[in-house]
Amino acid sequence: MTRRAALTRRNPLARVGAALLFSLPLLSTLDPLTPTLAIAVSIAVAGAFGVSVAALTRRSGPLLLGAVGVLFSVVPFAEPHGQVVAAVGPLEITDGVLVDAVGLGLRVLAVALPGVIVLATMDPTDLADALTQNARLPARFAYGSLAALRLLPLLRSQWQQLVLARRSRGLSPGRNPAAQARSLGGVAFSLLVGAIRDGERLATAMDARGFDAGIARTAARQQRFTGGDWALVAGAAAFAATILMITAGLGM
Amino acid sequence: MVEVQVRDLGWRHAGRREWALRGLDLTIPSGQRVLLLGASGSGKSTLLRALAGLLAADSGDGEGEALLDGVPVARARERVGIVFQDPQTQLVLSRCGDDVAFGLENRGVPPERIWPQVARALRRVGFPYHLDHSTAALSGGEQQRLALAGALATDPGLLLLDEPTANLDPAGAALVRTALAEAVRADTTVVLVEHRIAAALPLVDRVVALGPGGGLLADGPPETVFADHGPALAAAGVWVPGHPLPRLPAAGPAGAPLLSAEKVRYRRHGADRDALPAVDAVVREGEALAVVGPNGGGKSTLALLLGGLIAPTSGVLRAAEDLAAGLDGPPHRWPATGLSARIGSVFQNPEHQFVRANVRDELALGPRLAGHPREHVDATVDDLLDRLGLAALAAANPFTLSGGQARRLSVGAALAAAPRVLVLDEPTFGQDRNTWIALVQLLAGLRDAGAAIVAVTHDDELLATLADRVMSLGGPPTGER
């Protein structure tokens, strides 16, 4: 077993709170420098949250794709301003638009990256514990969602079964897109019926074990929100403020 | 520790015309262990839910009362523990220890007493893993033992068991029965619903058989109940131990091979081990082949391969020219309509295969796809409805059927397309004695008419009654015996 990284021991709510406080202020800016600094800070602290740079790159794959997507959708449609730096057919690309687009793409990364980092090592059970014990969220919501989460992997294998089952019944959508859509709808409907039934069974089982029966619940796993947790949240806010002050100072 | 008193108990689910249970009177003294029997639809599960206080007043109409030591169940729920049939949908948390602790937390047990009680409950059921072990990494038998630990952790005076071994292979079922025999305290009152009666009898000292319309068919010590009421109970669909079943061996020797699998192996995309290690198998006309072996040995995967539904990762499945009848290549490349008219597949979960809004259309799908004229389709469907005992349910939605009815419908829907090979995964699961016999006779009739039957099964009675050849999978040596 690897030694647990320092900040993964902090309260789950403090970790989520820190990620939010660090990334949300970025939404107030449009320049490319603010998100670049934020991304640099995120990568620098990832290790303290138990996420190696390799793991971070792997988990950010879809995010990078999204950022590039933003870039390509902004450039052709934004109001041109500044110098023309390139022309693709009738489309003229100006440096002003390019800077805005890169800034937007980087912002997508910068806002999402802290969430990716704290959730990578987050145990859902610990989060539910903290939500009920420290944030006083109703147990019905926190543990109900947690139990439902456990059923999700089942859905994947059920989907595969349902697709095979339709073939066994002689149904095949062929190449016609309308028929394919109908077939997909049929599979989705069967999946939903099964999911509702599983959900009902699980709810009955939880009910039978006294869940939400009006007795004050105790906690087998104690989650505490301590000075260290407040420090983590405050630190995240301080980092965000520092970055904003630096870029403001540079006049961006 | 708890005396159960049931007086004139009745329950009707919301929106139903028939009562699931009605007019039941029953007293169970403290510490007694009762095996609850009855044909499907006699209200066994409803009675267990009533005793656990799980029938919400807004989900149906209730009559009479159920008392635990004189207190209505609704106010004594913390004295009851219950274990259900399906392991997947009764574990709540992802770590084993946390899951056992769940019931204790809900009952407000002080935190410092929770973990000692969790450890004690896990020891009682002989659970071999650490508290942090993942519940998803457990076998079905282990998950059921964990569920039992979760129910026992709160020291219930009344323990209710709703077919706790029904979804398990024989090894897993034995594991749970051992845990039951050793873990339950002598003074705990137990009510057990179980289809595999012979295996459950050592655990109980009283048998109660529910009649179809409410009331009791029989009640007393196991020996006297089966001696006095054996034939009547068997006729009502109860699995009476030692009551003989028909033997249905093949009328003649097996015919020509229809399917030959050579070294077929299957590995799921991205998996690190084979779901099915390389095996050979031959499916012959006029023969019933049974595939047996522990869960996880690849039986269901072999059924999908023989059914032409998945492509082997390596090896080949060849169809005889006679079976292919004009279709080229291996069965997994055949078009769906051609496949279902040649090789029929019946899945373990019948609901997965329902694709129409009512029972009649479900049965008509195969013959319609084959392009048969309307009169022919109607005749096929009517005949099947009759033989499967589903005539009264022709207009019902398949998803509203009981487990036994749904199973018969899924077999019928495959048969309607008139395939020469029928591959079934656990076809007899959840059937009472009468519907079991009807189903097995139907399969024997098909085989004797020249069809090939392949049945993946844990059911020893099915092996004894129908199997002409047995193939054992999983755990060396692998292959036919």
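This is a predicted model: local features need pLDDT of at least 70, side-chain atom pairs count only at pLDDT 80 or more; totals for chains, interfaces and linings use all residues.
Trainee: OK, so what makes strand 11 and strand 14 of chain B a pair?

Mentor: Strand 11 (residues 257-266) and strand 14 of chain B have 5 bridges, in the antiparallel sense. The rule asks for at least two, so they count as paired. For a spot to look at, B:Ala261 stands opposite B:Leu317 in strand 14 of chain B.

Trainee: Which sheet do these strands of chain B belong to?

Mentor: An open, antiparallel sheet of 3 strands, in the order 12-11-14 (chain B). Strand 12 (276-284) and strand 14 (314-319) of chain B are its edges, each pairing on one side only. From one strand to the next, the twist averages 5°.

Trainee: And what about the sheet with the order 2-1-4-5 in chain B: why are strand 2 and strand 5 said to stand at the edges?

Mentor: That open sheet has 4 strands with antiparallel pairing. Strand 2 (21-28) and strand 5 (71-72) of chain B each have a single partner strand, so one side of each has no neighbour in the sheet. Helix 1 (residues 44-51) of chain B packs on this sheet, touching strand 1, strand 2 and strand 4, and its direction makes about 120° with that of strand 1 of chain B.

Trainee: How do you know that strand 1 and strand 4 of chain B pair?

Mentor: Count bridges again: strand 1 (residues 4-13) and strand 4 (residues 60-68) of chain B share 8, in the antiparallel sense. With a cut-off of at least two, they qualify. B:Gly10 stands opposite B:Glu63 in strand 4 of chain B.

Trainee: Which residues of helix 11 of chain B are buried?

Mentor: In helix 11 (residues 359-369) of chain B they are B:Val359, B:Glu362, B:Leu363, B:Ala364, B:Leu365, B:Gly366 and B:Pro367. What covers them includes helix 10 (336-340), helix 12 (374-387) and helix 13 (403-416) of chain B. After helix 11 of chain B comes B:Gly371, with a positive phi near 80°.

Trainee: What is the handedness of the crossing of helix 2 and helix 4 of chain B?

Mentor: Right-handed. The axes of helix 2 (residues 96-106) and helix 4 (residues 140-152) of chain B come within 7 Å and cross at roughly 35°. Among the residues that meet there are B:Phe102 in helix 2 and B:Leu146 in helix 4 of chain B. By class, this contact has 5 nonpolar, 2 polar and 1 charged residues.

Trainee: Last one: how many residues does each chain put into the contact between chain A and chain B?

Mentor: Chain A puts in 38 residues and chain B 50 residues. Helix 8 of chain A gives the most to the side of chain A that touches chain B, with 12 residues. That side has 17 nonpolar, 12 polar and 9 charged residues.

Note on methods. Residues are numbered from 1 along each chain as its sequence is written. Chains are lettered from A and ligands numbered from 1 in the order in which they are written. Two residues are in contact if their C-beta atoms, placed from the backbone, lie within 7 Å. Helices (H or I, at least four residues) and strands (E, at least two) are DSSP runs, numbered from the N terminus. Ala, Val, Leu, Ile, Met, Phe, Trp, Tyr, Cys and Pro count as nonpolar, Asp, Glu, Lys and Arg as charged, and the others, Gly among them, as polar. Axes are lines fitted to C-alpha atoms, for helices over the stretch in contact, and angles run from 0 to 180 degrees between N-to-C directions. A crossing is left-handed if the near helix is turned anticlockwise from the far one by less than a right angle, and right-handed if clockwise. A residue is buried if 20 or more other C-beta atoms lie within 10 Å of its own, exposed if 12 or fewer, and partly exposed in between; C-beta atoms are placed from the backbone.
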